[in-house]
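Hello,

Here is the structure we discussed, with the sequence alongside. My notes follow below it.

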Amino acid sequence: MGTSIDVVGAAVDRARPAATWWGGLGYKERRVHLLAWKRHIARRIDELAALIAAETGKSPDDAALEVMLAVEHLDWAARNAGKVLGRRKVPSGMLAANHAATLEYLPLGVVGVIGPWNYPVYTPLGSVSYALAAGNAVVFKPSEHTPETGAWLATAWIEAVPEAPVLQAVLGDGSVGAALVWSGVDKIAFTGSAATARKVMATCAETLTPLVVEGGGKDAMIVAADADLDAAARAAAFGGFGNAGQTCAGVERVYVEKSVFNTFVDKVSALAVGEFTMTTPEQPAIVRAHVEDALLRGGKAVVGGAESIKSGNVAPVILTDVPEDSIAVTEETFGPTLVINPVDSVAEAIKRTNHSKYGLAASIFTRNAGAAMDTARKLRAGAASINAVLGFASVPSLPFGGVGDSGFGRIHGADGLREFSRAQSVTRQRFNPPMDLVRLDRDPHTMARALKLFRMRHGR
Ligand code: NAD
């Protein structure tokens, strides 16, 4: 632990003057540098994708798609930070009509970013890009399963912006993450499991370090009877089995209206092909335990079974009619499994979707656009995608984040930029007030006039 503390402390010490330089540049100059880093990443996408593929086991194409998404976010954050955060006038209201009021979102200083392994570029850059664009320096602790990818991003920064180590990577396991949380940085952006988030939050409570948590999910897809079932099945297969199911906002549960249940299950089953690599040696045992629990409690395996989940390579599993209290329904599985359960109505699907400690995202399939929006608003989830999966993840102007065990705070979009800023409010008195109430020798007549005006304005 001593070494972790030293390494992290040295990185944070280097980050402090870098943050001062970076924060002092202003939005336009920061944009120039951020876009230089972006181009550096975009031009070397093959190299970075190969590294991600080697470290995670995902295909180079999936890795390249991940980088493409991350770069879109970086570009948006760089181009929009000034507009979202820059100084602006706001109305000063009746009592302060003699003041000019301005609002600006200023950098926090140094932000510590702790990342997971499943999307080792897209996920941490959801915090890193927005924190940098908001004018902060970042010390980034990538997952111990993807250290090279994390180091690559920091090296790319120094190659593109040699002036200062505004982005640094500190490598190692959870002890390095813990040291970063203790280090006195001005905010922690944590992405990972709820169990680790609890530890991080306990430490943040000690030092009053603000925290944003991007946690796991148990995302549901709702399929209404009028849905395009082919599209829904394709989306369920991609959202459930893609990246071996190791996607925080992937599909883990599907609730299908009874009249189309069998057809839907047949269609998804036809798509449940191939083998996937799981990234960590521990994960297959967790996935297997979920499948076994579902089967033990009366669920049916219509594709694969516990034997599909070997160590390393895994094959898709589709389970149906799984009791809602099985851990295959209540806990994040993070494997290539889908639980598909029939429901009487969309209302029942909403109820079951919301009956979860998680609330990251959801997807809805129906041809009725109005009903879909209505359903989305009733979901206890940070995001919803209609007639597609993960649509929100590729829209940089949309905030991303969950509720409950899925976390709090937001990355991406204007909210994501503000997450890494502090609002500063400034008023400037332009002329003496006609009714001066902020003085010790307040005139009773002035107070009476003010009260009269107040009652006219608010009491009628
Ligand atoms: P994890 O919680 O095991 O680890 C996450 C990070 O925390 C790692 O870098 C790890 O080294 C570090 N860490 C471990 N102990 C720590 C401690 N005591 N203090 C500080 N840091 C510590 O999660 P994981 O297995 O790497 O990632 C998978 C999880 O992440 C899943 O639950 C997944 O759903 C979630 N996830 C969420 C999002 C999102 O945006 N909401 C995105 C991707 C992944």
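Into which domains is the protein divided? This is a predicted model, and the division gives domain 1 (4-215 + 408-422), domain 2 (220-398) and domain 3 (430-458).

Domains 1 and 3

The centres of domain 1 and domain 3, taken over C-alpha atoms, are 47 Å apart. Contact between the two involves five residues of domain 1 and five residues of domain 3. About 510 Å² is buried between domain 1 and domain 3, and carbon and sulfur atoms give 61% of that area. On the side of domain 1 that touches domain 3, three residues are nonpolar, two are polar and none is charged. What does the rule find in the way of salt bridges across this interface? It finds zero between domain 1 and domain 3. Polar contacts do occur there: three residue pairs, both residues at pLDDT 80 or more.

Cavities

Searching the whole structure gives two cavities of 30 Å³ or more. Which residues line the largest cavity? They are Lys218, Asp219, Ala220, Arg253, Thr353, Tyr358, Gly359, Leu360, Ala361, Ala362, Arg380 and Ala381.

Regards

How values were computed. Residues are numbered from 1 along each chain as its sequence is written. This is a predicted model: local features need pLDDT of at least 70, side-chain atom pairs count only at pLDDT 80 or more; totals for chains, interfaces and linings use all residues. Side-chain values use heavy atoms; hydrogens and water are left out. Domain bounds come from an automatic or database domain assignment. Contact means heavy atoms within 4.5 Å. Buried area is the accessible area (1.4 Å probe) that two parts lose on being put together, summed over both. A salt bridge is a side-chain nitrogen of Lys or Arg within 4 Å of a carboxyl oxygen of Asp or Glu. A polar contact is a pair of N or O atoms within 3.5 Å; within protein, one must be able to donate a hydrogen and the other to accept it, and residues adjacent in sequence count only if both atoms are side-chain atoms. Ala, Val, Leu, Ile, Met, Phe, Trp, Tyr, Cys and Pro count as nonpolar, Asp, Glu, Lys and Arg as charged, and the others, Gly among them, as polar. On a 1 Å grid over the protein atoms alone, a cavity is a set of points where a 1.4 Å probe fits but cannot get out, and a pocket is an open set with protein on both sides within 12 Å along at least five of seven lines; lining residues have an atom within 4 Å of a point. Grid points are joined across faces, edges and corners, and a volume is the space filled by probe spheres set on the points.
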